[in-house]
Every structure is written in C-alpha cells, then in structure tokens.
Amino acid sequence: MSVTAKTLCEDEFFYGHKACAGCGGSLAVRVALKVLGERAVAVLPAGCMSAVGFNFPQLCFGNNAIISTFAGTASMLTGIEAGLRAQGITDFQAVGFAGDGGTADIGLQALSGAIDRNDDILYICYDNEAYMNTGIQKSSLTPFGAKTTTTPVGKNIRGNLRPKKNMFEIVAAHGIPYAATASIGYLNDFLRKVEKASKIKGTKYIHIIAPCPTGWGTATDMTVEIAKEVVDCGLWYLAEYENGVYTLNYEPKQFTDPAEYLKKQGRFKHLTEEDIQTITASRDAKWEQIYKTFQIN
Amino acid sequence: MAKKFLSGNEAFAEGIRLARPQVISAYPITPQTIVVERLSEMVEDGSLKAEFIHVESEHSALSCAMGASAVGARAFTATSSQGLLYMVECLVYASGGRFPIVMMNANRSTALPWNIYGDQRDSIALLDSGWIQSYAENAQEALDLALMSYYIAEHKNVSTPYMANLDGFVLTHTYEVVDVPTQEQADAFLPRFETENKLDFAHPRNLGFSAGPDHNTQFKYKEHLGLLRVREIVNEAEARFAEIFGRRYTGLTENYRTKDADFILVTLGSISGLVREVVDGLREKNIKAGLLRLRYLRPFPDEEIVRALSGAKAAAVLEKDISFGGDGTVYTNVTAALQKAGVRLPVSDYIVGLGGRNISAEEIEQIFEELKRGAVKTVFLGIGGEDA
C-alpha cells in the first residue's frame, strides 16, 4: 500500500524557511521529502525554494541539499548521482525541485540531456506558472491570459498571449521511464507518484501544479482549494506516462466552470467572456485528445 | 615509466588517467576533443574506472562536475574558447563552492571573427573567476600538471578548482616523446580525494547557499586566501613530484638566464621554447637576454616577477591576449606587481599570436632590439599596430 497523507512520516526535512504564507511550492517540497526520507539528496536551482531555504546561517533542509545554477538542476543531479555511484553508494535518491521557469525555460536543455542519458534521478517541477521569486514575470508555463509584471494588462495587450507549454508531453516524448502530472490539491495522488517514481530506475519527472497566492492574487488559505479546482474544471489533469503509455489517473465526472476558477484569481480578473471561451475551447480540445490517446484508470 | 610519442592532449589524458578521476563530464569542442576521446577510450578498455557523462553542453559539463565534487568524487572536464565562455556561470560557482574540479582548457581564440586556432584570450578573460590557472609549455609538462593539479586543487588549505591551459594546436596537437609514469608511481604521489566540503549522509549538509552582506565578504576573503595558499602548495607538490618522478619544476615561474640579464621577455605557454632559443642566440652575441616564463597566472607570481625583473634594464611582456581598450592583461598584472614593490623599469607589451598568428624568432629578436631603446609601448606585433 502506498503512502498517503495519513501514513506520511512525521519527520520534517524542510522547515524554518521564509516562504510566503500559503505557498504551494513549499508544500510540494515538504511532502515529497517526507516520502523520500533522509537518503534524499536535493538539488534546487535559483528560484523560490532556494531563496527561502538557504540563507546562511539559516539553512532549512534536514537532508543533504544544494543550490544549483539556474539552468543546472538536472546536470547537477547527474553529477551527484554519478559521483555517489562511483564511490559505491547506491541507496539514495537524487531529487531536483525546480520551478516552472527553471524547468521549462532555462533548465530545459539540461533536463533533456539527463533524460536522454536516462540518468537515475527524480526531477520534480513545482509549477506556479511564472517567475515568482523575481516578482511574477512570465515563463513559458504561464497560462493564456494571465497577468504578470511582464505581461501587463492594458489597452493594447491583455496579459499573456501564449498558451502554456506542455512539459509533461515534452518530457514523455523523450521516452522517459516515468513521467507524471500532479497537483498539491490532490496530495495523495502526488505522494503515490513520488513513491512510485523513487522505485523506478532511470529518469523520472513529476510536474506538480503549486499555486502561489502572491503571484496568482488569491487568498493565502485558498491554495489547496484552487489547486483542486484547476483539476476539477479540466484546466489541469492528473496523468502518468510509463512504458510508452499515457494514463489518466482521475476523470472528473463533470467539469466545474472554468470561469469560476479564473475569476477567483487577481491575475485573471481582466478576462473577457471571449477570453474565457478561448480557454474553455482549448481545454475541450485537450480533453478530446486525452480521451483518444490516454488509457483511462 | 614508459616513453610514448604523444600529443599535448594525449599526454594530458594520460595524466588524468593516472589521477583516477571518478566522474568525467565533457562536451566536444576543437581543439579539446582528443583529450576526451582518449579518456572515453580508456573508460571503454577498462584502463580508467570512471563514470563518463556525455553532457549536452559545457554549462552542464561543469554543473555535473560540481555535483560529483559536492559528494566527494574526483571530477574532470575539458573545454576551449566558446565552450569555456558558455560555462562561465559555473566557473564562478565552482570556485565559490570550493569544489576542487580540474579542467583542461585548450587555449583558443574567441569569436568573432570565428577562429579555431590558439590564443589565450579565452582563459585570461577569466582570471577573475577564482580558478587556479596554469600554462604548460610542452606535452611532458602537460602530463605532469594533470597529476599535480589534483594534488594542489584538493589540498585542504586550497580547495579551489584548477584550470590547466594548453595552447590550442601548437601544444594540444603537437607530438613529443613523453615519459608516462606507472600507476604505482602516480598513486604514490597523489592521495585519495578527502574533503569535509561535501554532502554527507552521516552529517547532512546544505551547500551552495546564499550569504548576504553581513557574511559575503568573509566567504570571498576565504576564497582569496585559498588561492594565495596555492603558492606554497605548488612548491610542496613539486618537491614531492621530484622525489617520485625525478623531474623538478620551478614553482609559479621559470627563470631562464635572468640572473644577470639586462633585457627580459616575460611570457607563458608554448611560445617559451622559441623565446629560449632566441635568448641563447643573443647570449652568443653578448647581449644579456633572459626569459621569465609564467607557469601560473593565478595565483599571480608577484614576488617571482619582482625578483626576476628588478635587476634588468628593460622588460617586455609577450602575450596572446588583449583587454580591448586597455592593455594585455598579463602586462597589467606584471606592471602592477612591479609598482607595488617600488621597482621601476621600462616595460612594453607585445600582443602576439591572436587567432594563431605565427610568431617568428626574428620578431622576438626584434623585440629585444627595441628593449635596448627603453621605450614603453603596447604593440600588436607583425601588423605595425601600436596604440595611439
């Protein structure tokens, strides 16, 4: 039986940090480390979690952890894994926690290289959909329509004009042994995936949606709820990729209204009816493809 | 010890094999490729037991080496020119993290214009990156530095990454007879890598952290001290090396007929052989010429330079480098050392060999001629270029 929120270990490995109230990313890191335990060697690039957790002399990881260069999460994981193995040490898990910018933008090349080599590492992308640490700038995982400090809403342009990159399928296209999507709103699903990934040899990738109240313009006690709702309204999905097969892990019986999800967030306040229709139509097109190509659990 | 006919790259690869690195991560770039090809062959045939990581860029090459070093593994990488510049972020990261990685750099011109041949602008532009920098003259020295580099970099008082520079093509691709030590000799010379600066399951650590204005200067000062301590550790390494291998090197610099010299050329790398011949020729004509070869640029050999030049009438720096809008960087460093010591003599700067431009014995002789006139100038040799 896999680990759940009820059976999760009591030990804390990430605490005493300076993350904002209601931070989704810090929850993802905290619970993933509880699953992986003290033999986890964590690599975090420049970004929110390194900025809040590694301020000398206040160092917040109870396990071995290191900040990598912004682009170098995956390549440093590779070196750690190879370096320990070369010394005959094998009972550990090299795990990366990188944000959306660190993964889908500047870190994509190194990640692709690690998957290509099938290095025995676990890479977790906590996706809060913009460069939050530097003050909410657009990344390639910022969704269509979102207002950020570099995609302002004015008379000529209303927020981000481009859809979110599909990192899960980009990673899967490498033929990776294991990839999954997750949401901190569905914590048991995430815990199960972290545990499962830790037992698979080769490169593993988990992409977890982790709302950021500061950047999304939501109340700090709404983070988990919002992370549930993005799945329930169909704008995010919980899935796995293994042995060349996509599997949908959770099928909402009926989608909730995306407008409800969007209107709760400051970053989407400006959206018009037409914008919301565009978002809904792209959701429907995605689900049509999911039903055609994914196995349904 | 066996004699082999090896290029600079191959000799360096032999030295690295003998140093038993545990992780090698590298990305190909001319003229560095041969060293990593040879190392991958050694891994294939079992003569080197190392993890060879085929990274997708130079940035990842050094990032991967840092990961390995951060868990206490001996790591190696190699690059050149644009590749070195592409990994610059990781260079300062490795030195700040005090990871004693060794990297071979095949000195090559930097674009634009594109050029694959040797000059030293690539590494000299990175003197401030916090790495030890050595410059080999020949293939034997390249091999020997490969072995000594780990001894120096990993020494607990140093714990600083080491960039071993070899002139592109002129040294990397030129064949010489080289003494290749036995593995037993190498093992007797080079201890295993031991460090407390690592991620450790018995004592979990957080590395690569942030340090704000209150602590930053202390970390940077310690980094500076680490590099300064290389001065004594180089001597320690060379004494130990001489005991085991019978070859004695001369520290951060090598003096050639400088003792009574009136006119001294200061240079580095493979061009030194030619300068030595010119010095011999001039000595036969009763001109008191000498050569000061800088074997290391970081730490900078201030004291050695002052000692060698203080009795001379004039000196010149011969360097394959220019800091555009200033002077050659070696010149700036040499003249700063003299100024600090209160030694006054005319020193000129000769910028040579950019993009692999040939340098002739006649041109070097001509420099000594000009030194007699005691002028102080910066000259782009061979094209009639002087700064206005």
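Q: Into which domains is chain B divided?
A: The model is a predicted one. Chain B comprises domain 1, residues 2-245, and domain 2, residues 253-386. The centres of domain 1 of chain B and domain 2 of chain B, taken over C-alpha atoms, are separated by 27 Å.

Q: How many residues of domain 1 of chain B are in contact with domain 2 of chain B?
A: On the side of domain 1 of chain B, 25 residues are in contact with 21 residues of domain 2 of chain B. At least two residues of that side of domain 1 come from each of α6 (121-124), β6, α9 and α10 of chain B. With four residues, β6(B) gives the most. By type, this side of domain 1 of chain B divides into 13 nonpolar, seven polar and five charged residues.

Q: What is the span of helix α10 of chain B?
A: Helix α10 of chain B covers residues 230-245, and its 16 residues reach 21 Å from the first C-alpha to the last, close to the 22 Å expected.

Q: Which residues of α10(B) are buried, and why do they line one face of the helix?
A: In an α-helix there are 3.6 residues a turn, so residues three or four places apart point the same way. In α10(B), the buried residues are B:Val230, B:Ile233, B:Val234, B:Ala237, B:Glu238 and B:Phe241. Seen down the axis of α10(B), they fall within an arc of 135 degrees, and therefore line one face. Their cover includes β6 (132-135), α7 (139-154) and α9 (213-228) of chain B.

Q: Which exposed residues does the face of α10(B) turned away from the buried side carry?
A: That face carries B:Ala239, B:Ala242 and B:Glu243. Just after α10(B), B:Gly246 adopts a positive phi of about 80 degrees.

How values were computed. Residues numbered from 1 in each chain as written. Chains lettered and ligands numbered in written order. Predicted model: local features only at pLDDT ≥ 70, side-chain atom pairs only at ≥ 80, totals over all residues. Expected span 1.5 Å × (residues − 1). Buried ≥ 20, exposed ≤ 12 C-beta atoms within 10 Å, placed from the backbone. Arc of directions from axis to C-beta. Contact = placed C-beta atoms within 7 Å. Domains from an automatic or database assignment. Nonpolar A, V, L, I, M, F, W, Y, C, P; charged D, E, K, R; others polar.
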